[in-house]
Amino acid sequence: MLDGALRRITRREAIIDEIRWVERCRGGDETALNVLIDRHRLRIIRTANNLLRDRYEAEDVAQETFLKAFREIHKLRDDRAFSGYLYRICVRLCMDRLRLKRAEPSEFDSSQEPEGPSVENRVVIARVLDQLPADLRTTLVLREMEQLSYEEIAEWMGVPVGTVRSRLHTARERFRRLWLEAVAE
Amino acid sequence: MIFESQCQKTRRLIGESRDRELTSQESDFLEAHVGRCPECEKSRSLSALALSLLRDSAEPLDEPDRFKSQLVRRWRTQRVRGRFHFWSPIALGTAIGLGLMLAALQLIQQPLLPSVQPSGEARNDSSRLPEFPEIDGVSRTP
């Protein structure tokens, strides 16, 4: 119980601290900018990498995310919502790229031979994910890999919770079917 | 038809069991159905395997090189550009000032250049024209 209370206090302090940095960043303070980048960059890059399956593209999207967030920071009404705002931008940018990729399907590079079971697994999973539409893919990755709750996914993707639930169901079913087909090949 | 809808419900519960704890009623239904439906049983085990492989497929991330320095540089550039939008009064004022200065320079420089006289004035400048002999006291100057 004491542990829980302590955790709540720490979390509250962290939120207050973040609000202070966001305020300073809005005023153009570079130190605040550095602090906010340090706090969020690894998670943003990881999320983008899980969604896009491309390390370099993920870093590029992460940079775009921060730049857009800082450029439009004056639009943020509640400073407590900064992290949600940041991840929402990241998810939307990733979805835009995924839609573009699906519109221009790239040839699978067969010269990249799998080097082991985990690499082989990654290749198969990436190929299966490529066949899913952007919204299903994003929902699935955010739930299964990022372990987000339905509410968080709904907030990040800007859709109702019911839509997340139904998309997740469809995404899991389709993913299983496509994965079976890919493994059978 | 009834069996098919039961299969659909089972598939939904298989998925939801990953996100929340099923009620005892739901759990009983799922186990009973999976026990007598080999397709759904297969679906449950394959779903679990496929999704665990998806989870394992996350690549380990190391600290990106120069990410922060690059980002801060881009942010500085963005700030500078943001200050000098083309509609900025300073930029507009500077542009108008420069334009006026250029126009003034043109006007000042014009008399200094070797003049190409306008046709009317050239006609009046009789000193440069060849002289013709006078016939009967009348000048034949054109």
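Eight salt bridges are counted between chain A and chain B. The model described here is predicted. In the contact between the two chains, 42 residues of chain A meet 34 residues of chain B.

**The interface between chain A and chain B**

- The two chains bury about 3800 Å² between them, and carbon and sulfur atoms give 58% of that area.
- On the side of chain A, the residues that lose the most area to chain B are Q63(A), L67(A) and R176(A), which together make up 16% of what that side buries.
- The rule for polar contacts finds 17 residue pairs across the interface of chain A and chain B.
- Five helices of chain A each supply at least two residues to the side that touches chain B: α2 (30–52), α3 (55–71), α5 (117–130), α6 (134–144) and α8 (161–184).
- Helix α2(A) gives the largest share of that side, with eleven residues.
- By type, the residues on the side of chain A that touches chain B are 17 nonpolar, eight polar and 17 charged.

- Side chains of opposite charge can pair when their charged atoms come close.
- E144(A) and R55(B) form a salt bridge, with 2.9 Å between the closest N and O atoms.
- E144(A) counts as buried because its relative accessibility is 1%, under the 20% limit.
- R55(B) has a relative accessible area of 36%, so R55(B) is partly exposed.
- E144(A) and R55(B) also belong to a network of salt bridges that links them with R143(A), R172(A), R18(B) and D19(B).

**Salt bridges within one chain**

- Over all chains, the count comes to 29 salt bridges.
- In chain A, R20(A) and D17(A) are joined by a salt bridge with an N to O distance of 3.9 Å.
- R20(A) and D17(A) are both in helix α1 (residues 2–26) of chain A, where they lie three residues apart, about one turn of the helix.
- R20(A) is partly exposed because its relative accessible area is 48%, and D17(A) also counts as partly exposed, at 23% relative accessibility.
- In chain B, R12(B) and E16(B) form a salt bridge whose closest N and O atoms are 3.4 Å apart.
- Helix α1 (residues 2–16) of chain B holds both R12(B) and E16(B), which are four residues apart, about one turn of the helix.
- R12(B) counts as partly exposed, with 32% relative accessibility, whereas E16(B) is buried, with a relative accessible area of 10%.

**The fold of chain A**

- Chain A contains eight helices and zero strands.
- Along the sequence, the pattern of chain A is α-α-α-α-α-α-α-α.
- The C-alpha trace of chain A spans about 55 × 40 × 30 Å along its principal axes.
- Chain A has 185 residues, of which 46% count as buried.
- Among contacts in chain A with a separation of 6 or more, 64% are between residues 24 or more positions apart.

**Nonpolar cores**

- The largest nonpolar core has 65 residues, and F70(A), F82(A), L140(A) and F175(A) have the most contacts inside it.
- Helix α4 (residues 82–103) of chain A supplies the largest share of this core, eleven residues.
- Apart from neighbours within four places in sequence, L140(A) is in contact with residues of chain A that include L129(A), M145(A), L168(A) and F175(A), and with L51(B) and L54(B) of chain B.
- A second, separate core has six residues, among them L22(B), F29(B), L30(B) and V34(B).

**A buried histidine**

- H40(A) is placed in helix α2 of chain A.
- Is H40(A) buried or exposed? H40(A) counts as buried because its relative accessibility is 8%, under the 20% limit.
- Leaving out residues up to four places away in sequence, H40(A) touches E18(A), F66(A), F82(A), S83(A), L86(A) and Y87(A).
- One of these, F82(A), is also among the residues with the most contacts inside the largest nonpolar core.

Technical notes:
Residues numbered from 1 in each chain as written. Chains lettered and ligands numbered in written order. Predicted model: local features only at pLDDT ≥ 70, side-chain atom pairs only at ≥ 80, totals over all residues. Heavy atoms only, no water. Contact = heavy atoms within 4.5 Å. Buried area = accessible area lost by both parts, 1.4 Å probe. Salt bridge = Lys/Arg side-chain N within 4 Å of Asp/Glu carboxyl O. Polar contact = N/O pair within 3.5 Å; in protein donor to acceptor, adjacent residues only side chain to side chain. Nonpolar A, V, L, I, M, F, W, Y, C, P; charged D, E, K, R; others polar. Buried < 20%, exposed > 50% of the residue type's maximum accessible area, 1.4 Å probe, protein only. Core = buried A, V, L, I, M, F, W, Y, C linked by side-chain atoms within 4.5 Å.
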